[in-house]
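Q: I am new to this structure and would like to learn how to read its features one by one. Can we go through them in order?

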Amino acid sequence: MKATAKAHPIQGLVKYHGMRDEELRLPYHDSISVCTAPSHTKTTVEFRPDAAEDTYVIGGEEVTGRGAERIDAVVDHVRTLADTDDAVRLESENSFPSNIGFGSSSSGFAAAAMALAEAADLGMTRPEISTIARRGSSSAARAVTGAFSQLYSGMNDEDCRSERIESELEDDLRTVAAHVPAYKETEQAHEEAAASHMFQARMAHVHHQLDEMRDALRAADFDRAFELAEHDTLSLTATTMTGPAGWVYWQPKTIAVFNAVRELRTEEEIPVYFSADTGASVYVNTTAEHVDRVEAAVAGCGVDTDVWEVGGPAEVLDESDALF
């Protein structure tokens, strides 16, 4: 009862914000994202009937406190599904920086859910496994199904699960990741989202945004899809900044990247758009033809960069890839 899995983190395109049920992590509305590769999380899990307690290690460090509680939610659900009380050993590592706005929780919980389901021999489909991952992070549900995916809102696992959206944009999309290290508290931002006076305004328009995004992805309309993602970034941030804590995640280099993107678009007519989740780092979306020029401009803002492509679904790896 041991397995290893890999998952890619997500970039939110139409992002969810706030949860109607914090224990099951049920969002108020649907959300759409795209996975980024080769950035990934690799996780190995093992059920250990002779062990006295669970152990969780991420990046070589033991996880305690709230982090362990979130992993417990996923592990305990799998134990219930598998009808076992065996202790679990879990070790995980990321290929990219965590907690700066690049979706490490999405790939982390997706890889954990995939590995746990395999180790427990549950025989579940990826949409079904997405409901396991969702208990750790709603975004992780979409990392399970991969590429362009939509997490549907709902009050149960039959409704609140992720499904893939097929799009020809998978081949041409390139994302320049602009690293702006700044610690963030995504979970607290979700907890207080509904207290913002902008939240109901976001709820009023987000359903149309979701329909537009699905249509743009189906039609492989790059400019429409990523213009929508750019505007959704601004909408999300307006809600976040007007919550009780007044979160302002963006840093001066974040704004510098935004300005560079808009200059490329207006002065050089390059198809390029910015996007950001809850954090200071920036996703800069463009096409394969223009990615070198875009990366140079973004790097000129004084930030480290990576170039990412579209990542596929979470997958089980060979035994030789195990972390222990």
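A: We can start with a record. UniProt, in an unreviewed entry, places the feature "domain: Mvd1 C-terminal" at residues 191-299. The model shown is predicted, and the values that follow are computed from it.

Q: What are the helix and strand contents of residues 191-299?

A: Residues 191-299 are 61% helix and 8% strand, and the end C-alpha atoms of the span lie 34 Å apart. UniProt also lists residues 7-161 for "domain: Diphosphomevalonate decarboxylase-like N-terminal", again from an unreviewed entry. Over residues 7-161 the chain is 33% helix and 28% strand, with end C-alpha atoms 17 Å apart.

Q: Which domains does the domain assignment give?

A: The assignment gives domain 1 as 2-167 and domain 2 as 173-310. Their C-alpha centres lie 23 Å apart. The contact between them takes 38 residues from domain 1 and 50 residues from domain 2.

Q: How much area do domain 1 and domain 2 bury between them?

A: Domain 1 and domain 2 bury about 3600 Å², with 62% of that area on carbon and sulfur atoms. On the side of domain 1, Lys15, His17 and Phe102 supply 22% of the area buried against domain 2, more than any other three residues.

Q: How many residue pairs are in polar contact between domain 1 and domain 2?

A: The count is 15 residue pairs. Strand E2 (10-14), strand E5 (31-37), helix H1 (65-82) and strand E10 (148-151) each supply at least two residues of the side of domain 1 that touches domain 2. The largest share of that side, six residues, comes from E5.

Q: Where are the partners in the salt bridge of Arg135 and Asp157?

A: The side chains of Arg135 and Asp157 meet at 3.1 Å, N to O. This pair links distant parts of the chain: Arg135 is in the loop between helix H3 (126-134) and H4, while Asp157 is in the loop between E10 and strand E11 (162-164), 22 residues apart. Arg135 is buried because its relative accessible area is 12%, under the 20% limit. Asp157 also counts as buried, at 17%.

Q: Which helices hold Glu230 and Arg262?

A: Glu230 forms a salt bridge with Arg262, with the closest N and O atoms 3.7 Å apart. Glu230 lies in helix H8 and Arg262 in helix H9, so the pair ties together parts that are 32 residues apart in sequence. Glu230 is buried, with a relative accessible area of 4%, whereas Arg262 counts as partly exposed at 38%.

Q: Which residues are linked in a network of salt bridges?

A: Glu212, Asp215, Asp221 and Arg224 are linked in such a network. Within this group, the side chains of Arg224 and Glu212 meet at 2.9 Å, N to O. Arg224 is in helix H8 and Glu212 in helix H7 (residues 199-218), twelve residues apart.

Q: Is helix H4 largely enclosed or open?

A: Eight of the eight residues of H4 (residues 138-145) are buried, so the helix is largely enclosed by the rest of the structure. Among these buried residues are Arg142 and Val144. H4 is followed by Gly146, whose phi is positive, near 80 degrees.

Q: Which residues does the cis peptide bond join?

A: A cis peptide bond joins Ala37 and Pro38, with omega about 15 degrees. Pro38 is placed in the loop between E5 and strand E6 (41-48).

Key. Residues are numbered from 1 along each chain as its sequence is written. This is a predicted model: local features need pLDDT of at least 70, side-chain atom pairs count only at pLDDT 80 or more; totals for chains, interfaces and linings use all residues. Side-chain values use heavy atoms; hydrogens and water are left out. UniProt positions are given in the numbering used here, feature names are shortened, and annotations may be inferred rather than shown by experiment. Helices (H or I, at least four residues) and strands (E, at least two) are DSSP runs, numbered from the N terminus. Buried means under 20% relative accessible area, exposed over 50%, partly exposed in between (1.4 Å probe, protein chains only). Domain bounds come from an automatic or database domain assignment. Contact means heavy atoms within 4.5 Å. Buried area is the accessible area (1.4 Å probe) that two parts lose on being put together, summed over both. A polar contact is a pair of N or O atoms within 3.5 Å; within protein, one must be able to donate a hydrogen and the other to accept it, and residues adjacent in sequence count only if both atoms are side-chain atoms. A salt bridge is a side-chain nitrogen of Lys or Arg within 4 Å of a carboxyl oxygen of Asp or Glu.
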